[in-house]
Amino acid sequence: PEHHADRWLATVLFTDIVGSTELAARVGDRAWLELLQQFHGVAREKIGRLRGREIDTAGDGLFAIFDGPARAIHCAAEIARELQPAGVVLRAGLHTGEVESTADGKVGGLAVHIGARVMACAGAGEIWASSLVKDLVSGSGIRFEERGIHALKGVAGDWPLWRALAD
């Protein structure tokens, strides 16, 4: 195996606005752009306050990393809670693993792919996490509901996933 000096442990958080196309069609282009700006503003404020780092946005999605999984869970919950009155429903996925720096200043690695696949399994208004995230936040007061074993597209093995219930 190759030695990578630029690898470190991080919790990856992916969020997505559920039904974004339908929402955009319902509210119109101008209102949709305003909602998207509100989403990014709220997300950036929460990420910064909870010591995360925004890595990327793509349309109605967001990718951030944290040095602790509990803060990432709370971040997702706070973003969702603040945007709910505006009619924005999020889903989120988290995984903790090693990531590495990329040439463009972002991060990559299998942990990033796993986090994105975990999010893809989550339903509207849900925050899903891998077992590692669940185990790492033991004692934090965050509760979890089992969501069964899932195959994550492109990732070997079966993955037990959990719904995080952050107050």
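Student: Which residue forms a salt bridge with R44, and how far apart are the closest N and O atoms?

Tutor: This is a predicted model, in which local features need pLDDT of at least 70 and side-chain atom pairs count only at pLDDT 80 or more, while totals for chains, interfaces and linings use all residues. Residues are numbered from 1 along each chain as its sequence is written, and side-chain values use heavy atoms, with hydrogens and water left out. A salt bridge is a side-chain nitrogen of Lys or Arg within 4 Å of a carboxyl oxygen of Asp or Glu. R44 has such a bridge with E54, and the closest N and O atoms are separated by 2.6 Å.

Student: In which secondary-structure elements do R44 and E54 lie, and how many residues separate the two?

Tutor: Helices (H or I, at least four residues) and strands (E, at least two) are DSSP runs, numbered from the N terminus. R44 belongs to helix α2 (residues 29-49) and E54 to strand β2 (residues 53-58), so the pair links distant parts of the chain. The separation is ten residues.

Student: Are R44 and E54 buried or exposed, or in between?

Tutor: Buried means under 20% relative accessible area, exposed means over 50%, and partly exposed lies in between (1.4 Å probe, protein chains only). R44 has 42% relative accessibility, and E54 has a relative accessible area of 28%. Because these values fall between the two cut-offs, R44 is partly exposed, and E54 is likewise partly exposed.

Student: Which residues are linked with K46 in a network of salt bridges?

Tutor: K46 meets E45 in a salt bridge at 3.3 Å, N to O. K46 also pairs with E82, with the closest N and O atoms 2.9 Å apart; this pair links distant parts of the chain, since E82 is in helix α3 (residues 69-83) and K46 in helix α2, 36 residues apart. The network joins K46 to E45, R49, E78 and E82.

Student: Where is D56 placed, and which residues does D56 touch?

Tutor: D56 lies in strand β2 and is partly exposed, with a relative accessible area of 33%. Contact means heavy atoms within 4.5 Å. Leaving aside residues up to four places away in sequence, D56 touches G61, L62, F63 and K106.

Student: Why does the radius of gyration of the protein chain agree with a compact globule?

Tutor: The radius of gyration is taken over C-alpha atoms, and the globule rule is 2.2 Å times the number of residues to the power 0.38. For 167 residues, a compact globule would have a radius near 15 Å. The protein chain agrees with this because its radius of gyration is 16 Å.

Student: How many helices and strands does the protein chain have, and in which pattern?

Tutor: The secondary structure comes to five helices and eight strands. Along the sequence, the pattern is β-α-α-β-β-α-β-β-α-β-α-β-β.

Student: How many salt bridges does the structure hold, and what share of the residues is buried?

Tutor: The structure holds 17 salt bridges. Of the 167 residues in the protein chain, the buried share is 44%.
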